[in-house]
Amino acid sequence: MLVVVERHARAAGAVPAEVGEQWLGAVVAGTDALLTDYSSAAIDYMLLDKPIGYTLDDFDKYEDARGWCLDNVQDYMPGHHIYDINGLKGFFSDISEGES
């Protein structure tokens, strides 16, 4: 299993946005799954009909700090909802076994 990590554009040491977007677009077609937080990359990735895992360990904190534009936002996140290391292991296990 190949794991590719792209840092958020605002993170220290991240590549410039225009480079990151080109790189991400070139890489995602060859992936088996996407592991993301609340990034809009998941919206585009849904078109590939491949598994998505959402890291939601800070969901309540994020909701309190920023809020959402939708009610029940998790209903719009198809795939694995990952809250802890066991959820992450389960996501990777499902991907390696061909499940989604």
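These legends walk through several close-up views of a predicted protein model.

Here is how to read them: residues are numbered from 1 along each chain as its sequence is written, and side-chain values use heavy atoms, with hydrogens and water left out. As this is a predicted model, local features need pLDDT of at least 70 and side-chain atom pairs count only at pLDDT 80 or more, while totals for chains, interfaces and linings use all residues.

**View 1. The protein's helices and strands.**
The protein has four helices and three strands. Of the 100 residues in the protein, 20% are buried. In these legends, buried means under 20% relative accessible area, exposed means over 50%, and partly exposed is in between (1.4 Å probe, protein chains only).

**View 2. Phe 59 and Trp 68, a pair of rings.**
The structure holds three aromatic pairs. One of them joins Phe 59 and Trp 68, and it counts as stacked because the ring centres are 5.3 Å apart and the planes meet at 20°. The rule behind that word: rings of Phe, Tyr and Trp (its six-membered ring) pair if their centres lie within 6.5 Å, and planes under 30 degrees apart count as stacked, over 60 as edge-to-face and the rest as tilted. Is Phe 59 buried or exposed? With 11% relative accessibility, Phe 59 counts as buried. Trp 68, at 25%, counts as partly exposed. Look for Tyr 62 here too: Phe 59, Tyr 62 and Trp 68 form one aromatic cluster.

**View 3. Phe 91 and Phe 92, a tilted pair.**
Phe 91 and Phe 92 also form an aromatic pair, with 5.9 Å from centre to centre and 40° between the planes, and this one is tilted. Phe 91 has 1% relative accessibility, so Phe 91 counts as buried. Phe 92 has 27%, so Phe 92 counts as partly exposed.

**View 4. A patch of negative charge.**
Which residues gather in a patch of negative charge on the surface? They are Asp 37, Asp 57, Asp 58 and Asp 84. A patch is made of residues with over 30% relative accessible area and no salt bridge, where like charges are joined within 9 Å and nonpolar side chains (Val, Leu, Ile, Met, Phe, Trp, Tyr) within 5 Å. A salt bridge, in turn, is a side-chain nitrogen of Lys or Arg within 4 Å of a carboxyl oxygen of Asp or Glu. Asp 58 sits in the loop between strand S2 (52–55) and helix H3 (59–65), and at 31% relative accessibility it counts as partly exposed. Asp 84 sits in the loop between S3 and helix H4 (85–96), and at 44% it counts as partly exposed. Asp 84 and Asp 57 are 27 residues apart in sequence, yet their C-alpha atoms are 6.2 Å apart in space.

Asp 49 lies in the loop between helix H2 (41–45) and S2. Its phi is near 55°, a positive value in a residue other than glycine. Asp 49 is exposed, with a relative accessible area of 70%. Lys 50 has its place in the loop between H2 and S2, and at 26% relative accessibility Lys 50 counts as partly exposed. From Lys 50 to Ala 29 you count 21 residues in sequence and 9.9 Å in space, C-alpha to C-alpha. Met 46 is found in the loop between H2 and S2. The C-alpha atoms of Met 46 and Pro 78 are separated by 8.5 Å, with the two residues 32 apart along the chain.

**View 5. Asn 72 in its loop.**
Where is Asn 72 found? Check the loop between H3 and strand S3 (80–82). The phi of Asn 72 is near 50°, a positive value in a residue other than glycine. Asn 72 is exposed, with a relative accessible area of 58%.

**View 6. Tyr 54 in strand S2.**
Tyr 54 has its place in strand S2. At 3% relative accessibility, Tyr 54 counts as buried. Tyr 54 and Leu 34 are 20 residues apart in sequence and 8.4 Å apart in space, C-alpha to C-alpha.

Key:
Areas by Shrake-Rupley, 256 points an atom, 1.4 Å probe, with all protein chains shown as cover. Lys, Arg positive; Asp, Glu negative; His and termini not counted. Charge placed at Lys NZ, Arg CZ, Asp CG, Glu CD. Helix = DSSP H or I, 4+ residues; strand = E, 2+ residues; numbered from the N terminus.
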